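Here is a guided walk through a structure. Keep the sequence and the 3D view side by side as you read.

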Amino acid sequence: MSPRRGGYLMPGQMGQRATLRRNSVLRCAALAALLGAGGCYVGLAQGPGEDESDTAAPGSASGDASDPTGEPADDGCGPAVARNVAKISDREYTNSVRALLGDPEFRITVQSPGASPGAFIEDAATQSVNYALAVQYQGTAEAAGAQVEADPSRVGFTCLGAVSVDPCVRAWIQDFAGRAFRQPLDPDQAEAYASLFTAGAVDGIGAGVGLVVEAVLQSPQFLYRRELGESIANDGSTELSATEVAERVAFWLTETIPDPELWELALTGAIREPDVLRAQVQRLQTSAAGRRTLTHAIVRWLHLSGVDQLDKDPELFAGFPGARTALLESAQRTIEDALAGDGDDVGRLLTTNSTYVNDAIAPLFGLEPVGSSSLVPIDLPDGERSGILTHPALLAALAHYDQTSIVARGAMIRQQLLCNELPPPIEIDAEAVGAGMTPREFAEYRLSDPACRGCHQLMEPFGFIFESYDAVGRYQTTMDGQPIDTVGEVTATDFDGSYSSVPELAQALAQSDQVSRCVTQHMLALGLGTKAADTTCAVDELVDQFPEAPELDELIPAIALSAAFRTRGE
Amino acid sequence: MLIKTGRRSLLAGLSTFGGMMLLRPFLRREAAADGGVPGPMRLVVIQTPDGRPPETWVPQGTTTDFTMASGLTPFEPLKDDLVILSGIDIPRGPGENHCQCFVALMTGTNGAPTVDNYTAAQAPSIDQVIGLEPSIVGDTIPTLQIAGDMTTIPNDISHRYMSWAGADQPLPGEHRSTAIYETLFSNYVPPGDDAAVKRLVQRRGSVLDVLEADLKRISDVAPAAQRPQLDAHLEAIRTLEKNLDDLGSSALEACIPPAPDDLPDQSDVPKRYVANLDMVRLALACDLSRVVTFMSSPSTSNLRHRQWIPEMESDLIHHYLSHEGNVSELTHIGKWYAGHIANFVQGLKRIPDGVGTLLDHTVVVYTSELGYGAGHSSRNTPTVIFGSAAGRLSTGRYLNFLDSPRPFNDVWVSVAHLLGLPWETFGSPEKYLGPIPGLAAGD
């Protein structure tokens with residue numbers, strides 16, 4: 001390949017060849033246009049009153065100007081998100097349909113317009129049900145209805161003697177549709193579904209059950225979450241109703257409708273009692289579905305979702321297509337293990353020496369084959385690797401087709417671990433400057449050009465430290481025959497200093513309050529189902545509650561009990 | 001309690017549904033033929049990705065006497081059914097060296113950055129605007145978005161979508177053959193089974209009534225900001241309802257859906273491509289929709305064409321070949337696409353429709369979201385228009401605007417005119433000059 005390096009990593013081409021052979025183009029951050037030269041707004045998520053002269057600001061999504069103290073008010077934080085109706089995601093839909101049918105294998109291929117399943121949190125506001133999606137819902141519902149018609153007992157229908165709508169049938173409709181809708185049916189609605197049952201039952205009782213299932217699975221009551229609140233809290237916000245709390249907890253922790261135990265507590269209202277809520281949250285988060293959901297969220301958080309689809313230059317590592325699925329699974333199991341231990345989960349994830357390898361991925365770790373095609377646990381030697389940041393899955397995801405990406409790796413640390421927001425890049429022609437440069441030289445260019453420096457000075461130092469790992473995540477000490485300079489001068493963090501290896505950096509990240517706060521912020525965003533909310537006050541409150549980096553199993557119930565979670569603004 | 005029964009509820013009686021409705025589309029078309037009236041007009045926009053080197057598509061010669069370039073030779077038999085335009089530019093933003101052309105191509109308006117550093121369109125695309133024209137869409141599915149391929153990072157909004165419902169609202173092209181099939185033919189029942197049709201109409205009708213009532217329960221309590229989303233859902237439910245009228249086996253001779261089992265394995269890219277493009281033809285043939293976009297592949301195409309084009313030498317994906325400006329390889333790719341598009345157009349030409357053929361009543365625009373891909377150029381985007389537009393389009397011509405380029409919006413306004421819509425402008429006003437001269441018959 002061409003020795004000429006450089007070119008902006010088009011976000012859609014992670015894992016693709018980056019060497020743009022002609023007219024290569026580079027985008028720099030848009031600070032010049034937005035903020036004046038050199039003014040990329042990043043830096044520490046500071047406590048109150050600290051001097052934030054040069055690289056001041058947010059760290060949190062808000063940078064909240066309205067709360068200059070950063071301290072929670074005496075009576076605690078108010079709601080972080082407004083009253084809301086939101087379409088459930090494709091994952092939530094799929095899991096919920098399968099739960100209602102009691103069939104974890106039921107075939108579903110629904111895809112919403114604008115869905116981005118790899119995003120940390122999907123933005124429900126951009127998704128609506130258009131004709132094509134309505135047809136997909138209809139097709140899925142009809143297939144489910146046909147199965148139920150043949151065997152009504154699979155949806156808990158046991159009114160075997162029924163010949164028409166009797167009390168038994170009405171009770172089943174209320175049970176089945178109520179849980180599906182996360183809201184008991186009102187009398188008119190119950191009557192409408194009873195009529196539907198009667199209409200379908202002209203072809204037999206099973207057909208009546210099937211028709212109700214068909215309607216329930218495409219009903220807007222099933223497809224939209226409602227967070228409207230019912231009672232008024234003392235600050236004028238509204239508190240979520242018991243069924244809304246149960247719905248939010250279930251979708252957050254298990255990405256599906258409430259299970260029967262949780263639903264029962266919603267119907268009695270008991271779920272609004274703090275002890276009951278805490279116990280249910282703990283039960284769900286430690287369930288198999290809870291573990292799976294949290295692991296998947298961390299996979300998305302660290303940009304690992306697409307690893308099993310990555311394309312890499314065969315000249316670099318011909319075995320990549322046979323390795324990528326195991327690579328993702330290895331990362332997932334590493335995450336699961338970190339979550340299973342006691343204490344600071346994320347700290348453990350950042351520093352663990354344990355992972356999983358098989359013969360296909362062992363070479364990426366610099367290991368000899370382990371004699372197994374399935375993954376086996378292994379402890380890596382000290383030195384080259386430490387924690388998820390040195391896992392080849394992450395390193396390959398944050399690299400081009402045939403070379404590393406200083407920017408992608410640095411941006412990930414800034415945005416995902418430090419919660420700094422970087423403005424969108426502008427575009428400048430790099431044809432003249434990118435030619436003949438090594439990645440390091442090209443990065444140095446970005447650090448010297450005032451149009452680029454403001455933001456890139458925040459990413460590049462991290463990216464430099466990661467240069468020890470190539471585009472498929474193998475450890476390297478030279479690039480194109482030249483020794484690699486992996487020194488990065490980290491600034492605008494609470495662990496500023498010079499670092500030259502990722503294990504060294506990972507130790508610092510694991511001990512950083514800024515990282516810990518950012519983890520809390522991400523976990524709260526998951527709980528609220530949005531990244532757009534101003535959560536500064538709520539995060540402050542949680543950070544006060546957990547001065548040391550919390551175990552997620554403790555943090556998550558605390559989030560559930562927070563006012564931000566349980567109330568809604570107008 | 002008063003039990004409200006929907007108009008299609010089984011409880012309300014069943015007398016009004018006979019075989020008539022199954023013949024409705026057929027009757028409509030026959031009436032058109034009898035009265036000597038042209039059939040309804042349709043629009044199909046077909047994109048192929050990553051531009052083309054000009055020498056592979058720009059013809060040599062004059063307006064009426066020209067030779068097809070190497071990458072468009074499959075269009076030779078259709079020379080009298082097309083117009084080729086050179087010198088057509090996609091709007092681009094100031095200082096935008098790497099053209100975010102895909103979002104601008106059909107919206108005629110520059111995109112804007114999103115929070116995660118992509119670019120999103122800021123206006124609806126032309127197909128969506130035309131999909132609001134009752135004179136075009138009638139009671140068909142307003143617009144369809146179909147794709148040949150979708151393999152890029154899923155949240156890369158800048159490169160994956162040609163159709164946009166409005167600002168920041170991409171409409172993905174469906175590339176899964178089975179999902180396209182379901183969208184088009186969920187109402188199709190093999191001929192002869194009237195009882196099955198009747199049962200399906202009844203069951204769906206009563207379900208849809210319940211869904212509409214349930215949606216109203218939510219709309220009544222939803223914050224105002226979410227009303228548009230819920231209104232869109234209501235529109236979708238009502239379209240499903242309207243489509244019940246067409247439920248059954250089509251009386252249109254050319255409307256023969258494939259057997260679901262014959263749909264290709266989704267990993268077979270070329271077969272999937274052909275099957276999906278053919279379903280565009282069927283959507284028109286069955287008069288299910290009259291406004292269809294077909295995205296061959298997202299921009300920065302990941303397809304490795306050598307896997308199915310034996311003449312190719314390079315294993316690189318299309319995107320990298322486009323950066324290399326590899327004329328010989330890109331000619332192969334261009335011909336491959338052109339061959340399938342030519343088959344599609346020939347297919348329309350074989351279907352009788354009112355006075356003439358379906359091609360006479362369909363404006364097919366073939367284009368790309370870039371000009372010369374190697375430079376991410378927005379200039380001189382390959383553009384070909386097929387079909388006579390019921391005699392409005394003067395075909396068999398090459399219109400050369402290389403010396404005085406025209407913005408793509410001029411083409412879109414001309415296309416609207418070909419469809420019988422008297423538009424005065426489209427897209428950003430500063431990116432519009434006027435209708436393309438020489439396109440309309442008599443120009």
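**Two chains, step by step**

A:Gly454 is buried, because 26 other C-beta atoms lie within 10 Å. The cut-off for a buried residue is 20 or more. This is a predicted model, so every value here is computed from predicted atoms.

Where does A:Gly454 lie? Its place is in helix H18 of chain A, which covers residues 450–465.

Now step back to chain A as a whole. It holds 23 helices and 13 strands. Of its 570 residues, 55% count as buried. Take the contacts in chain A with a separation of 6 or more: 66% of them join residues 24 or more positions apart.

A loop of chain A gives another view. A:Pro363 sits between strand E6 (354–357) and strand E7 (376–379) of chain A. Is A:Pro363 buried, partly exposed or exposed? A:Pro363 has 17 other C-beta atoms within 10 Å, so it is partly exposed. Between the C-alpha atoms of A:Pro363 and A:Thr158 there are 56 Å, with 205 residues separating the two along the chain.

Next comes a helix pair in chain A. Helix H20 spans residues 513–528, and helix H22 spans residues 552–561. They pack with their axes 10 Å apart, at an angle of about 50°. That angle makes H20(A) oblique to H22(A). The crossing of H20(A) past H22(A) is right-handed. Which residues make the contact? From H20(A) come A:Thr520, A:Met523, A:Leu524 and A:Gly527. From H22(A) come A:Leu552, A:Leu555, A:Ile556, A:Ile559 and A:Ala560. By class, this contact has 7 nonpolar and 2 polar residues, and no charged ones. An α-helix has 3.6 residues a turn, so residues three or four places apart point the same way.

Turn to chain B and its sheet. Here 7 strands form an open sheet with mixed pairing, in the order E8-E11-E1-E12-E13-E4-E14. Why is one side of E8 and of E14 in chain B left without a neighbour in the sheet? E8 and E14 (397–400) of chain B stand at the edges, and each has a single partner strand, so one side of each has no neighbour in the sheet. On average, neighbouring strands of this sheet are turned by 15° against each other, direction ignored.

Strand E8 of chain B covers residues 144–147. B:Leu144 and B:Ile146 point one way, while B:Gln145 and B:Ala147 point the other way. All four are buried. The pattern follows a general rule. In a regular strand the side chains alternate between the two faces of the sheet. E8(B) runs parallel to strand E11 (residues 291–295) of chain B, and 4 bridges join them. Within that pairing, B:Ile146 has B:Phe294 as its bridge partner in E11(B).

Strand E4 (residues 82–86) of chain B pairs with E14(B) in the parallel sense, over 4 bridges. In this pair, B:Val83 stands opposite B:Arg397 of E14(B). Helix H11 (residues 408–418) of chain B packs on the sheet. H11(B) touches strands E1 (42–47), E4, E12 (362–367) and E13 (383–386) of chain B. The direction of H11(B) makes about 165° with that of E12(B).

How many of the 11 residues of H11(B) are buried? The count is 10, so the helix is mostly covered. Among them are B:Phe408, B:Val411, B:Trp412 and B:Leu418. Just after H11(B), B:Gly420 takes a positive phi of about 90°.

Two aspartates of chain B also have positive phi. B:Asp168 has a phi near 60°. It lies in the loop between strand E9 (163–166) and strand E10 (169–171) of chain B. B:Asp168 counts as partly exposed, because it has 17 C-beta neighbours inside 10 Å. B:Asp287 has a positive phi of about 55°, although it is not a glycine. Its loop runs between helix H8 (269–285) and E11 of chain B. B:Asp287 is buried, because 26 other C-beta atoms lie within 10 Å.

Terms used: Residues are numbered from 1 along each chain as its sequence is written. Chains are lettered from A and ligands numbered from 1 in the order in which they are written. This is a predicted model: local features need pLDDT of at least 70, side-chain atom pairs count only at pLDDT 80 or more; totals for chains, interfaces and linings use all residues. A residue is buried if 20 or more other C-beta atoms lie within 10 Å of its own, exposed if 12 or fewer, and partly exposed in between; C-beta atoms are placed from the backbone. Two residues are in contact if their C-beta atoms, placed from the backbone, lie within 7 Å. Axes are lines fitted to C-alpha atoms, for helices over the stretch in contact, and angles run from 0 to 180 degrees between N-to-C directions. Angles under 35 degrees count as roughly parallel, over 145 as roughly antiparallel, 65 to 115 as roughly perpendicular and the rest as oblique. A crossing is left-handed if the near helix is turned anticlockwise from the far one by less than a right angle, and right-handed if clockwise. Ala, Val, Leu, Ile, Met, Phe, Trp, Tyr, Cys and Pro count as nonpolar, Asp, Glu, Lys and Arg as charged, and the others, Gly among them, as polar. Two strands pair if DSSP finds at least two bridges between them.
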